[in-house]
Amino acid sequence: MRDVCFSAAANFTGSAVLGTIGVLTFTKVKHRRELLFASLPTLFAVHQFIEGFVWLGLDGVLSPAVTHNMGAAFMLYAQGLLPFLMPLSVVLFEPNMKSRRRMVPFLVVGALTTLYMLWALAAYPTQIYVRGNSIVYMNPATNFTAVAVFYVIATCGSLLFSKVKDMVIFGVANVTILLVVMAVKRYAFTSLWCAYAAVASVIILTYFWKSKDLRPFRYLGAM
């Protein structure tokens with residue numbers, strides 16, 4: 001019997017919880033430069049909702065064509081967009097030009113990683129199947145250690161060098177979770193977003209909630 005943590009029902013339930021966290025986070029936004037970072041819980045919620053349909057397809061409820069399209073949409077965000085969106089959200093959030101310039105290398109790495117990932121996802125077919133109660137998304141052009149290293153640098157590097165203390169805490173949590181997942185179930189790394197998204201979203205909501213009296217920043221040097 002499949003573990004209940006990895007199923008369509010679990011994904012849909014997780015999506016609802018993350019969606020609620022996303023709405024609460026949006027209510028704490030005080031400046032447009034905070035919007036992208038605050039949108040991450042909502043994006044994670046959509047991500048989990050999409051994978052719920054992938055599970056339904058693998059269970060034979062949906063057609064292979066729909067399953068493939070849902071899997072492609074899942075991969076588009078997980079590998080194709082997140083490496084760029086994460087550092088961009090931090091660049092926008094940073095309070096002054098000096099700290100934003102410190103994030104530029106991570107944004108460049110993220111942009112290049114995203115371009116490569118998008119090319120790989122378009123040029124090579126992605127296999128989707130179940131192994132060890134988890135969904136495996138296998139693309140021959142992205143399944144390399146070097147790609148994983150650039151991915152981690154793009155998604156976590158800017159957080160670790162942020163001027164905002166809670167961003168650094170968020171970055172440490174990200175690195176820890178990513179490394180644990182890669183060590184335990186590397187073959188299903190892309191699929192194991194439920195735990196990552198849930199933990200990350202709670203951290204983001206907590207930050208926005210407790211810093212409501214400190215924001216918005218003055219955003220010195222902002223355009």
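This is a predicted model: local features need pLDDT of at least 70, side-chain atom pairs count only at pLDDT 80 or more; totals for chains, interfaces and linings use all residues.
**View 1. The lining of the largest pocket.** The lining divides into 11 nonpolar residues, 5 polar and 1 charged. The pocket has a volume of about 300 Å³. Its lining holds 17 residues. Nearest the centre lie Gln 79, Thr 142, Asn 143, Phe 189 and Thr 190. Strand E2 (134-138) and helix H6 (145-160) are the elements that give two or more residues to this lining. Helix H6 gives the most, with 3 residues.

**View 2. The largest nonpolar core.** This core has 51 residues. Phe 37, Phe 44, Phe 93 and Phe 208 touch the most other members. Helix H4 (residues 64-93) supplies the largest share, 10 residues. In soluble globular proteins, nonpolar side chains tend to be buried together.

**View 3. The surroundings of Phe 37.** Neighbours within four places in sequence are left aside here.

**View 4. The fold of the protein chain.** The chain has 8 helices and 2 strands. From the N terminus, the elements run α-α-α-α-α-β-β-α-α-α. The radius of gyration is 17 Å, close to the 17 Å that the globule rule gives for 223 residues, so the chain is as compact as a globular protein of that length. Its C-alpha atoms fill a box of roughly 55 × 35 × 30 Å along the principal axes. Buried residues make up 49% of the 223 residues. Among contacts with a separation of 6 or more, 73% join residues 24 or more positions apart.

How values were computed:
Residues are numbered from 1 along each chain as its sequence is written. Side-chain values use heavy atoms; hydrogens and water are left out. On a 1 Å grid over the protein atoms alone, a cavity is a set of points where a 1.4 Å probe fits but cannot get out, and a pocket is an open set with protein on both sides within 12 Å along at least five of seven lines; lining residues have an atom within 4 Å of a point. Grid points are joined across faces, edges and corners, and a volume is the space filled by probe spheres set on the points. Helices (H or I, at least four residues) and strands (E, at least two) are DSSP runs, numbered from the N terminus. Ala, Val, Leu, Ile, Met, Phe, Trp, Tyr, Cys and Pro count as nonpolar, Asp, Glu, Lys and Arg as charged, and the others, Gly among them, as polar. A nonpolar core is a set of buried Ala, Val, Leu, Ile, Met, Phe, Trp, Tyr and Cys residues joined through side-chain atoms within 4.5 Å. Buried means under 20% relative accessible area, exposed over 50%, partly exposed in between (1.4 Å probe, protein chains only). Contact means heavy atoms within 4.5 Å. The radius of gyration is taken over C-alpha atoms; the globule rule is 2.2 Å times the number of residues to the power 0.38.
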